[in-house]
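Please open the model in a viewer and keep the selection panel at hand.

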Amino acid sequence: MNVITTSNLSKVYDEGPVPVYAVNGVDLEIKKGEFTAIVGPSGSGKTTLLNIIGGLDKASSGGVKIGSTEIENLSANELIDFRLRNIGFVFQSYNLIPVLTAKENTEFIMLLQNTPKAERDKRVESLLAEVGLEDRMNNRPTELSGGQQQRVAVARALASKPQFILADEPTANLDSKSTANLLDIMLKLNKEEDTTFVFSTHDQRVIDRARRIITLEDGKIISDEKQHVQ
Amino acid sequence: MKLLIKIAWRNIWRNKVRSFVVITAIALGLWAGVFVTAFVQGMMTAKIQSIIEVEVAHLQYHQKEFRDDLKVNLTIPSSAEKLNELEQDERVTAAAGRLVSMAMIGSANKSGSIRVVGINPSKEALVSSLSTQLVDGAYFEGIKRNPVLISERLAEKYKIKVRSKLVLTLQDRDGEITAGAFRVVGLYKTDNNMYDNFNVFVREQDMRKLIKVEEDYHEIAAMLTHQDLAETVASDFQKKYENLEILPWLDLAAGMRIMNEVIGLYLYIIVGIVLLALLFSIVNTMLMAVLERVKELGMLMSIGMNKTRIFGMIMIETIFMCMLGAPLGLLISWGMITYFGEHGINLSGASYEDVGFASTIFPYLENQSYIEVTGMVLIMALLAAIYPALKALRLNPATAIRKI
């Protein structure tokens with residue numbers, strides 16, 4: 001079953017004299033449990049594609065289907081609610097809420113979803129344990145390293161029990177050790193809980209461990225390959 | 001809601017200096033609004049009190065046209081009956097008759113025009129505070145023949161003092177010029193220099209001899225149980241005595257009714273200006289708070305925080321700052337009003353007395369006004385937060401998330 005389906009997806013910026021295609025006729029199918037890297041040079045359209053799939057940006061033409069929902073038909077408020085319940089986001093620069101602790105950041109999404117307290121507490125503890133931060137639950141983001149903050153971001157993204165997680169350059173600001181650590185966690189979640197990950201990257205360390213690699217150039221898919229990873 | 005409250009509360013302490021600026025602006029705005037209101041109310045209360053207690057009492061009877069040129073023969077018919085009738089009315093606490101005439105005052109050095117008021121000293125003491133305004137001499141005691149009470153200012157102007165002689169020249173009811181020698185029994189001083197420069201007081205029986213008015217009065221003044229009754233009581237008696245002019249204090253003191261109405265409007269304008277300054281201060285600071293957090297707001301929208309919650313979070317932040325600033329402003333205002341309400345603010349250099357206001361202002365504010373001004377400040381603060389909150393809602397999450 002496809003979690004994400006895009007059909008002839010395009011995004012055109014036609015503010016200048018010549019229209020610029022950030023995304024150009026992308027047809028894509030991502031199934032549940034895939035661990036997919038979207039790669040390509042800067043300006044190839046990786047982030048724009050992720051933004052459209054995540055409902056943060058509108059396509060100029062074509063459509064995006066998440067599960068059975070065509071998201072271009074949703075109103076702005078419906079889209080926010082859809083994102084809350086179906087998509088987990090991990091951003092390049094962590095983007096945690098600075099005034100909340102690791103525990104509160106992870107709990108945040110579930111509070112927006114009105115999840116009962118007992119369930120929240122249980123899930124927060126289990127998620128932070130999974131990302132190896134059970135002993136840093138009460139620390140605020142400024143008291144955590146970059147790698148630790150990104151692990152909290154992964155825990156937060158998982159907290160809403162999304163259909164998939166979109167990660168935009170999740171390792172761009174991390175050192176090698178933190179990158180390896182984060183990838184271990186993401187792969188473990190993918191393997192053990194069948195969590196679908198789609199991330200943009202041009203980090204070779206990430207590309208080496210992805211199971212499917214989609215390469216973009218000038219907004220077009222130029223290759224879509226599967227690789228076997230131990 | 002609990003979540004929004006938690007985030008909003010912590011957000012206001014992220015930038016302590018900025019929050020301190022907003023909290024201080026709210027406190028100062030509230031203080032300025034409340035204190036200006038209290039100052040003007042104190043000034044007006046003193047003015048009204050002075051007008052009622054010193055100048056006109058709560059209401060007065062006159063013959064129609066008497067007040068235009070103070071003609072000696074325009075006395076109130078059956079004055080004694082009318083006085084008695086007033087004293088019987090349960091809304092009236094005291095009433096007294098007066099003779100009033102224009103006159104020339106002459107001392108050894110100088111002469112000039114004044115108004116002579118003939119009074120029954122003991123009855124007058126019940127309708128005016130003249131007897132308590134003395135700065136020298138006594139209230140019609142110690143001089144048996146033709147005592148006169150003049151103001152301290154008049155005494156300085158005519159270079160006379162207690163027990164000095166002066167001559168009052170008046171017109172009697174036949175139109176003949178008549179004069180009498182009087183001796184200064186005491187000096188009074190009120191908050192109104194114009195009043196002090198213009199009024200001298202003699203005993204009723206001494207004046208009657210001079211102007212040949214054997215009975216009746218030119219003016220009957222009455223004090224009521226409460227100043228708010230003045231219009232009703234005056235209107236009731238006016239209906240009964242259509243040939244007389246019976247007016248409440250608001251119409252007796254020149255310009256008082258207009259001043260009383262306009263001062264409230266001016267007060268709202270002044271408080272409005274203060275609040276407008278406050279509004280721009282809060283808009284500016286909250287806008288900074290929003291623009292500083294564009295990326296974070298973009299992230300919140302991306303992960304599913306809806307617009308109502310974003311709007312609510314910004315508004316709650318402003319409410320929190322109001323809840324800190326408003327009590328602070330109220331506390332400072334209350335402290336200053338209590339202190340200056342007791343000790344007064346001395347503005348004797350500002351010539352307030354020349355225009356009929358007390359030179360020492362005792363700020364005063366009714367509880368109702370505290371609530372009104374606080375309400376206005378809170379509403380203003382919330383209005384000020386709407387624009388920055390709407391600005392936050394207009395952010396595009398995809399663009400906002402990439403802001404550095």
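Two strands are said to pair if DSSP finds at least two bridges between them. The model shown is predicted.

Begin in chain A with strand S6 (residues 87-90) and strand S7 (residues 164-168), which pair in the parallel sense over four bridges. Within this pairing, select A:Gly88; its bridge partner in S7(A) is A:Ile165.

Remain on S7(A) and colour by accessibility: five of its five residues are buried. In a regular strand the side chains alternate between the two faces of the sheet. On one side of S7(A) lie A:Phe164, A:Leu166 and A:Asp168, and on the other A:Ile165 and A:Ala167; both faces are covered.

Now turn to the interface. Select the 28 residues of chain A that are in contact with 23 residues of chain B. The area buried between the two chains is about 2200 Å², with carbon and sulfur atoms giving 64% of this area. In chain A, the residues that lose the most area to chain B are A:Ile80, A:Val99 and A:Leu112, together 24% of what that side buries.

Finally, select helices H1 (46-53), H2 (76-86) and H3 (102-112) of chain A, the elements that give two or more residues to the side touching chain B. Of these, H3(A) gives the most, with five residues.

Definitions and conventions
Residues numbered from 1 in each chain as written. Chains lettered and ligands numbered in written order. Predicted model: local features only at pLDDT ≥ 70, side-chain atom pairs only at ≥ 80, totals over all residues. Heavy atoms only, no water. Contact = heavy atoms within 4.5 Å. Buried area = accessible area lost by both parts, 1.4 Å probe. Buried < 20%, exposed > 50% of the residue type's maximum accessible area, 1.4 Å probe, protein only.
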